[in-house]
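Subject: Structure handover

Hello,

Here is the structure we talked about. Please open it first, then read the notes below.

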Amino acid sequence: MNKKIYIKTWGCQMNIYDSSKIINILEKNNYSITKIDLKADILILNTCSIRDKSHEKVFHQLGRWKKIKKKKKNVIICIGGCVASQEGEDIFKRVNYVDIIFGPQNIHDLPYMIDKFLKVKKKIIKINFGKIKKFDYYSKKKNLKTTALISIMEGCNKYCTFCIVPYTRGFEISRPCDDIIREINFFAKNGVKEIILLGQNVNSYNGKKNNGGICNFSSLLYLISKINNIKRIRFLTSHPIEFKDDIIEAYQDIPKLVNFLHLPVQSGSNKILELMQRIYSIEEYKNILKKLISVRPNIQISSDFIVGFPGETENDFEDTMKLIKEVNFDASFSFIYSPRPGTPASEFRDNISFKEKKKRLYRLQKRINKQTIFWSNKMVGSIQKILVEGISKKNFFELSGRTENNRIVNFIGNKDIIGKIIYVKITSINPNSLKGIII
């Protein structure tokens, strides 16, 4: 019997990518995907544990699935991702109706784990690190979307004191260069125009070549840029310490690299950066941006900020606000510090009240939002290159596309331009998008 799979994903683009791998692997093993959890034979939750809030959401969702399991006793519940790696067998103790636990590097084992559970009816767990085989599976479907996520590496070696990733995804492992190019070539032949390269720290990429050589991140960017049908290249996420001059030179040489960079800084205080074990100073961070702007004057920058890290004083926070204003960040992901069990920072003395943390976060986000509106207003009247992605989510009679600086633009046009890059004049701004007309 063809069994139906329902998969729910939480977290970053890496998790979205991993879920696409799960789907590819299971479909290759004759499973089908359903969008309704009540119709599924197997429920899969792909999780994120980067913050406490997302961690707890996992168990709330499992609580909802418990009701399904009571009605359908044979339904199999699987939990994967970073929460699976972090909690391990403790998940079975807390939620005894979970059947299978798998880690981010064990996705390729999922069909075997399901088959084994069906035979022996015993709980199964596999969360070990090792050779990553999930990269061997990618969609062979035709007529793909205009944008594709491509993971180029797994894990992280930086061990920032606040971060759980090295403990849940393991050491850095770079995917072989030729495998990445082969996958991108397939996507390019089947409608993909934009590639988003993924990794915990993409600029530390060092992938093996078939000829025995090593390909670093900037070399990979040059190789991808030579693929004719790929019109845009983006990447997430970088670490400032390894944002070297060769990457800046790539921005000078490769027009396909978009005029937008997400470069996490986390704090504007050197003292806090040292406590976070971020390895760079604010001066070094600003120098990277200075070099980048010298070759790409119109580039816009977004970043990550952690508010209320243990030891952060009012002066430290003001240093962050000063940096935000000085750089004029276009956007950010900003959060109140959330201690993750097992990380060094979880042992630090937390000297800030939650009320104060919320106050600081509100001030920071208000400032960033003001700057986002500033950048959007500057775009009104400008001509923007838009990659047309499809029908607008807000108006069936409009199309939607994305600018190089990651703004969604809605406009009237024919469906035959979906997947193409066109020029649009920006006429007005909305809270989360822009309006435009084709020229």
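Rings of Phe, Tyr and Trp (for Trp, its six-membered ring) pair if their centres lie within 6.5 Å. With that cut-off, Phe162, Phe309, Tyr337 and Phe348 form one aromatic cluster. Please keep in mind that this is a predicted model.

Aromatic pairs

How many aromatic pairs does a search of the whole structure find? The count is 13. One of them joins Phe305 and Phe329. A pair of aromatic rings is described by the distance of the centres and the angle of the planes. For Phe305 and Phe329 the centres are 5.4 Å apart and the planes lie at 80°. Planes over 60 degrees apart count as edge-to-face, and this pair is edge-to-face.

The Phe305 and Phe329 pair links distant parts of the chain, 24 residues apart. Phe305 belongs to strand 15 (residues 300-307). Phe329 sits in the loop between helix 12 (314-327) and strand 16 (331-336).

A charge over a ring

Look at Arg94 and Phe59 as well. The charged end of Arg94 sits over the ring of Phe59, 3.7 Å from the ring centre.

Strand 3

Which strands pair with strand 3? Strand 1 (residues 4-9) pairs with strand 3 in the parallel sense, over 5 bridges. Here Thr9 stands opposite Asn46. Strand 4 (residues 76-81) also pairs with strand 3 in the parallel sense, over 6 bridges. There Leu45 stands opposite Ile79.

Helices 12 and 13

The axes of helix 12 and helix 13 (residues 354-379) come within 10 Å and cross at roughly 10°. Helix 12 is therefore roughly parallel to helix 13. From helix 12, the contact is made by Glu314, Phe317, Glu318, Thr320, Met321, Ile324 and Lys325. Helix 13 contributes Glu356, Arg360, Arg363, Leu364, Arg367, Ile368 and Gln371.

Best wishes

Definitions and conventions. Residues numbered from 1 in each chain as written. Predicted model: local features only at pLDDT ≥ 70, side-chain atom pairs only at ≥ 80, totals over all residues. Heavy atoms only, no water. Pairing = 2+ DSSP bridges. Helix = DSSP H or I, 4+ residues; strand = E, 2+ residues; numbered from the N terminus. Phe/Tyr/Trp six-rings, centres within 6.5 Å; stacked < 30°, edge-to-face > 60°. Lys NZ or Arg CZ within 6 Å of the ring centre and 35° of its normal. Axes fitted to C-alpha atoms, helices over the stretch in contact; angles between N-to-C directions. Parallel < 35°, antiparallel > 145°, perpendicular 65-115°, else oblique. Contact = heavy atoms within 4.5 Å.
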